[in-house]
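Please look through the model below before reading on.

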Amino acid sequence: MNQPNATQKPEPDLASTQRDPEEESVHRALEGYYRTGKPPWDTGVTPPELVDLVEGHGALPPGRALELGCGTGTNATYLARHGWEVAAVDLIDRAVDQAREKAAAAGVAVRLLHGDATRLDELDVPGPFDLFFDLSCYCGVPLHRRDAYAAGLTHRAAPGARLLMFGYGPEPLGNPIPEVTSWAAGVTADELRARFPGWELIDVTPGTNSVPTFWFTLRRDA
């Protein structure tokens, strides 16, 4: 059996990557969620949309996967248990520590990295990857860092790679102002088409939440 959590090279000083107040606000807000209790996006249950992609009709064959914003590691561990070679990144060290514990308890190897999903060049995740999974990470990224996020994935995508992304839609007018200004923008299909050249948006499925949410599936050109 593979040994989980192999020793990684020294991680970057994340303080040096907090380049403006908006990014610092995101970091503080996310830290607060993990410090005070379970974040709403980190349910401990693998979503059926990912299960269908991995186990359903026409499932992808196991390959290399990268999870962006992995939280406490529920989905990274799930993928590893189903034969995928998994790397996973999260901005919050508390979440990464819990993810390491979860992977170790499951007896699977997951490459867990504390870092910024919009600065993958600063991490040891060279790719290529066949699957990218994002559960509410991109929609929380400040707008000025989203092109860097898309470029980082595109650079690491194998031909035909999939990106399965869950995101919140734009905040309706009149809603309370969110903790971070850019979070109100959410994510839309038109934005993804614009920011991910060389990818095809092949599916948009509304979520079942009480606020507008969507599952987006993109495929990298072969």
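A residue is called buried when its relative accessible area is under 20%, exposed when that area is over 50%, and partly exposed in between, as found with a 1.4 Å probe on protein chains only. Helices (H or I, at least four residues) and strands (E, at least two) are DSSP runs, numbered from the N terminus. This is a predicted model, in which local features need pLDDT of at least 70 and side-chain atom pairs count only at pLDDT 80 or more, while totals for chains, interfaces and linings use all residues. Residues are numbered from 1 along each chain as its sequence is written, and side-chain values use heavy atoms, with hydrogens and water left out.

Helix 3, which spans residues 74–81, is mostly covered, since seven of its eight residues are buried; these are T74, N75, A76, T77, Y78, L79 and A80. Among the elements that cover them, where contact means heavy atoms within 4.5 Å, are helix 2 (48–55), strand 1 (64–68), strand 2 (85–90), helix 4 (93–106), strand 3 (110–114) and strand 4 (129–135). Just after helix 3 comes G83, which takes a positive phi of about 90°.

Several of these strands belong to a sheet. Strands of a sheet pair through backbone hydrogen bonds, either parallel or antiparallel, and here two strands count as paired if DSSP finds at least two bridges between them. The sheet is open, has seven strands in the order 3-2-1-4-5-7-6, and shows mixed pairing. Strand 3 and strand 6 (199–206) stand at its edges with a single partner strand each, so one side of each is left without a neighbour in the sheet. From one strand to the next, the twist averages 15°, with axes taken as lines fitted to C-alpha atoms (for helices over the stretch in contact) and angles running from 0 to 180 degrees between N-to-C directions.

Strand 2 and strand 3 run parallel and are joined by five bridges, and V89 has L113 in strand 3 as its bridge partner. Across strand 2 and strand 3 lies helix 4, which runs at about 170° to strand 3. Helix 5 (residues 146–156) also packs on the sheet, where it touches strand 1, strand 4, strand 5 (157–168), strand 6 and strand 7 (213–220), and its direction makes about 150° with that of strand 5.

The next feature is a pocket, which on a 1 Å grid over the protein atoms alone is an open set of points where a 1.4 Å probe fits, with protein on both sides within 12 Å along at least five of seven lines; its lining residues have an atom within 4 Å of a point. The largest pocket holds about 800 Å³ of space, a volume being the space filled by probe spheres set on the grid points, which are joined across faces, edges and corners. Of the 38 residues that line the largest pocket, L30, S136, C139, G140 and W183 are the closest to its centre. Helix 1 (21–36) and strand 2 each supply at least two residues of this lining, and helix 1 gives the most, with five residues.

Finally, Y168 has its place in strand 5 and is partly exposed, with a relative accessible area of 28%. Not counting residues up to four places away in sequence, Y168 touches S136, C139, G186, V187, V211, P212 and T213. Between Y168 and T188 there are 20 residues of separation in sequence, and 8.5 Å in space, C-alpha to C-alpha.
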